[in-house]
Amino acid sequence: MTDLQRCEIRPGRLVEWTLHPATVETATGLGEDVRPPAYVQESHLRTARTVREDGLFVPTWLGAAFDIPGDVDLDVLHGALRAWTLRHETLRSGFRWVGDDMRRFTLDPDAVRLHREDRGDFSDAATLSRYLQDRFDVAADALGWPNFLYTAVLREGSASVYMAFDHSNVDAYSLHRIPAEIHELYAAGLEGRGVPTAPAASYIDFCARERTDADRIDGTHPVVARWREFVARCGGTLPNFPVDLGLDASAGKPLPPQKLMHEMLVDERDAAAFEAYCRPHGGTLVGVLAATALIVHELTGQPVYRTVVPFHTRMKSRWSDSVGWYVGGAPIEIPAGRADGFDGAVRMVRSALRDARPLAQLPIARVLRLLGSDFRPTSPDLYSIVSYVDARATVGSERWRELNAYGLIRVSYGDQVCVWITRLHEGLQFASRYPSTDPAYRNMRRYVELLREHVLSAARAGIQLPRC
């Protein structure tokens, strides 16, 4: 994961694809699709609207970037992009506001056409990068529709594809699958052969199922009680990253701009050794969270580290190929002040995750509604995260370096810290967006350095933890 400024953009001729004006016009006359938004989608769009009403435009799109070797046939690429769009129903579905209610509409596949436009030559990479970011900010806006844009930068012997989506349509797993899927469809088009055309399982169907299940739960449910206790111990809110971020706590202060921190944490040899060390207790995620709890305790003196751990909700294999936002969160508390070193912290995290993971199946937005508290969103992020994803099993991931493939993060404004740690074939990659203040930079740099030390120390110990 990185931003546009760090994904090796090179000059060339820019071509864009969006939904055809006739397709957009058809959508304006569609009736309601009774399948509701997912709670995470509704929370995202309501937060975006609230922040916009407070006078700040906060882009929150995600994207994918990758190369296509050779001189690209634009007509074939056009067909591949349309076929991929049709494969994923959420991309032809949107929302309109009726009073304070969100109502879904969904296009039939036959109505979907793409419009291609040549934007001309860009001879300077920095200028192209700024242009793409500005275009994505507008075209992948949470409160607009359509809310995605495809582009390609053409040059002799290769092309680079850049795609941006409002977060309501995609998660990290969705982005990881894009390069291989587009390559497959493009290669098939060049060779004149067919590929399986059956659509992937629909994220919209998942939204309806998840919402139906969540709406059966009321405020007396044990999961809601667990969340209520956690929120109370967090001071009546959801946790931020518990280090000094240099933020003014005064009410009404505007959201600060953010910066991105991005680097390889350790190489593949050390990443594999760290994973082996932590495997008896759940693997790399457990080790990362244990190290984080100890670091927070060292930096702040706080005896307990509290956070919400993101988990994917693709619990059935049918959703594995689907594009959508399949993410829930589980609250954990790690009493790092009582841990017997790293080994003790790992055992604490393993126990906490095992106990809390089922809570991620109930959408947090539903929980907050049931708590009856005034959680008026004032930030694009409800809470800070430390996320871990092992991307090595993703089809085509072994070619990501060769194809300059990246997941893209839009870094704009926010008062939270979001950390993404990704296991690649080359090692562990660290990325984080954080408030652009001197204290936040210093503390995040210290966090990265200490995290690397913990990983290397465990990796080079050459032993595994005893099983409990």
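**Exercise 1.** Find the salt bridge between R399 and E402 in this predicted model, and classify the exposure of both residues.

*Solution.* Start with the distance. The closest N and O atoms of R399 and E402 are 3.0 Å apart. A salt bridge needs a side-chain nitrogen of Lys or Arg within 4 Å of a carboxyl oxygen of Asp or Glu, so the pair R399 and E402 qualifies. R399 has 32% relative accessibility and counts as partly exposed. E402 has 53%, so E402 counts as exposed. Then look for shared partners elsewhere. One network of salt bridges joins E42, R46, R49, D100, R211 and R369.

**Exercise 2.** Which parts of the chain does the salt bridge between D137 and R410 tie together, and are the two residues buried or exposed?

*Solution.* Check the contact. The closest N and O atoms of D137 and R410 lie 2.8 Å apart, in a salt bridge. Now place the residues. D137 sits in helix α4 (residues 125–139), and R410 sits in the loop between β12 (406–409) and β13 (418–424). The pair therefore ties together parts that are 273 residues apart in sequence. Finish with accessibility. The cut-off for buried is under 20% relative accessible area. D137 is at 8%, so D137 is buried. R410 is at 12%, so R410 is buried too.

**Exercise 3.** Locate both partners of the salt bridge between R35 and D205, and state the exposure of D205.

*Solution.* Take the distance: 2.7 Å, N to O, between the side chains of R35 and D205. Take the positions: R35 is in the loop between α1 (21–28) and α2 (39–53), while D205 is in helix α6 (residues 203–215). The bridge therefore links parts 170 residues apart in sequence. D205 has a relative accessible area of 29%, so D205 is partly exposed.

**Exercise 4.** How many salt bridges does the whole structure hold, and how are the charges placed?

*Solution.* A search of the whole structure gives 42 salt bridges. Count the charges: 55 positive and 60 negative side chains. The centres of the two sets are 4 Å apart.

**Exercise 5.** Compare the radius of gyration of the protein with that of a compact globule, then describe the fold.

*Solution.* For 468 residues, a compact globule would have a radius near 23 Å. The protein has 22 Å, so the two agree. The C-alpha atoms fill a box of roughly 60 × 50 × 40 Å along the principal axes. The elements are 12 helices and 14 strands. Buried residues make up 57% of the 468. Among contacts with a separation of 6 or more, 82% join residues 24 or more positions apart.

Conventions. Residues are numbered from 1 along each chain as its sequence is written. This is a predicted model: local features need pLDDT of at least 70, side-chain atom pairs count only at pLDDT 80 or more; totals for chains, interfaces and linings use all residues. Side-chain values use heavy atoms; hydrogens and water are left out. Helices (H or I, at least four residues) and strands (E, at least two) are DSSP runs, numbered from the N terminus. The radius of gyration is taken over C-alpha atoms; the globule rule is 2.2 Å times the number of residues to the power 0.38. Buried means under 20% relative accessible area, exposed over 50%, partly exposed in between (1.4 Å probe, protein chains only). Contact means heavy atoms within 4.5 Å. Lys and Arg count as positive and Asp and Glu as negative; His and the chain ends are not counted. The place of a charge is taken as NZ of Lys, CZ of Arg, CG of Asp or CD of Glu.
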